[in-house]
Amino acid sequence: MAKFTFKTGNAQALRRLPFYLLGAIATLLVPRTDRIWAFGCGIGPGEGALPLYLLARDRAPHVRMVWLATTPDELARAQSLGLDAVRKLSARGLWLTLRARVCVVTHGLGDVNRYGVRGAFVVQLWHGVPLKMLHLDSPAALRSAVLGNSRLVRALLARGIRAAGAQIRLFPVASERVVGRISTAFGVPRERIAVTGDPRDDVLLAGSPGERRSTAIALLQTAIGALPPAARVVLYAPTWRDGEHDPSAPDESTWAEIASWLERTNTVLVVRVHPLGRGNYASGLTCSPRVRLLTADQINDVTPVLPAVDAIVTDYSSIAFDFALLDGPTVFLAPDLETYTSSRGMYEPYRTFSGGRHV
């Protein structure tokens, strides 16, 4: 089963309302200090929160930078990177969130301890350039698995999103083009949105192209095994479909054709399943050793791997924006364009995004 859908996530948010109230009371009683900043990320150490943590720790050594981890594995990963890490759902995690002057997140307020955020200076880095409609802009985001899709439920959920958006004090974005999208989606005033570039993509611009590629290839091979000599790498990265299966997942006959092409062209196909996505790619793995699966358990943040990739295949994922910084070719594969667009919504016509060259 999918780990998360809009409906189940919204149902959980409604069930947490009493705890939010208790947390709000706690934030009135516990004073914040400039000497603690709290960081978190929905996928673990990565996205924009990790480079900002490292930069802030270097620039402000007198401030305690603490990483709040969700799972034991995430805690161990953060500690292996040399981060000052604490379980966010522990009493210590709640206390540090209550005390932190600044809270940095990439997905939502729950990246840190959600019950202790009120009153902090919240920096929302998000995790991509919005092509798909988000939050208040998308009808798919205003549904509950328990209470359905009534007008009252949508109004209640929208009010919760606006309340969370009101707590965001700074929202860095990649370009002027997306300022309006972020403002309407999160209910954040435009004056709190800063066009700074996306820190999650700094890794794509650091060092020389050769250095970036060699580092990325080493990282990729650590996760999926050694690549054949001089092989090209194609990354297939479908987006999250709110719990639905990936309609582009090949059948067995198509996998056979793919395997033949990979062999003829000395190419490796890396299937990067969305951390919350669903799709059956087992036939590809058994069909050819040139088909590799890259899961979030192996590498939680795929951006540092992109310099190792020669081309990507995707649909509506913002990975296309990240990969564009490397000037590599992107193939747009969108088999469910009409249904996806009508259910989720997009900020611009897909033909504009893809240059009219999707298949």
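In which sense do β8 and strand β11 pair, and over how many bridges? The two strands, the latter spanning residues 311-314, pair in the parallel sense over 4 bridges, where pairing requires that DSSP finds at least two bridges between two strands. The structure is a predicted model, in which local features need pLDDT of at least 70 and side-chain atom pairs count only at pLDDT 80 or more, while totals for chains, interfaces and linings use all residues. Residues are numbered from 1 along each chain as its sequence is written, and side-chain values use heavy atoms, with hydrogens and water left out.

Helices (H or I, at least four residues) and strands (E, at least two) are DSSP runs numbered from the N terminus. Of the 6 residues of β8 (residues 232-237), 5 are buried, so the strand is largely enclosed by the rest of the structure. Buried denotes under 20% relative accessible area, exposed over 50%, and partly exposed the range in between (1.4 Å probe, protein chains only).

Val273 is placed in the loop between β9 and α10 (282-287) and is buried, with a relative accessible area of 16%. Its C-alpha lies 8.1 Å from that of Thr239, the two residues being 34 apart in sequence. Leaving aside residues up to four places away in sequence, Val273 touches Tyr281, Leu293 and Leu294, contact being defined as heavy atoms within 4.5 Å.

A nonpolar core is a set of buried Ala, Val, Leu, Ile, Met, Phe, Trp, Tyr and Cys residues joined through side-chain atoms within 4.5 Å. The largest such core has 28 residues, of which Phe171 and Phe186 touch the most other members. At least two residues of this core are supplied by each of β1 (33-39), β2 (64-69), β4 (100-105), β6 (168-173) and α7 (179-186). The largest share, 4 residues, comes from α7. Apart from this core lies another, of 22 residues, among them Ala216, Val233, Leu306 and Phe323.

Salt bridges were assigned where a side-chain nitrogen of Lys or Arg is within 4 Å of a carboxyl oxygen of Asp or Glu. The count by this rule is 8. In one of them, the side chains of Glu47 and Arg200 meet at 2.6 Å, N to O. This pair links distant parts of the chain, 153 residues apart: Glu47 is in the loop between β1 and α3 (49-59), and Arg200 in the loop between β7 (193-195) and α8 (209-224). Glu47 is buried at 8% relative accessibility, and Arg200 is buried at 7%. Together with Asp322, Glu47 and Arg200 are linked in a network of salt bridges.

Glu348 forms a salt bridge with Arg177, with the closest N and O atoms 3.2 Å apart. Glu348 lies in the loop between α12 (337-344) and α13 (350-354) and Arg177 in the loop between β6 and α7, so the pair ties together parts 171 residues apart in sequence. Glu348 counts as buried at 11% relative accessibility, whereas Arg177 counts as exposed at 59%. A further salt bridge joins the side chains of Asp310 and Arg213 (3.3 Å, N to O). Asp310 is in the loop between β10 (291-294) and β11, and Arg213 is in helix α8, 97 residues apart.
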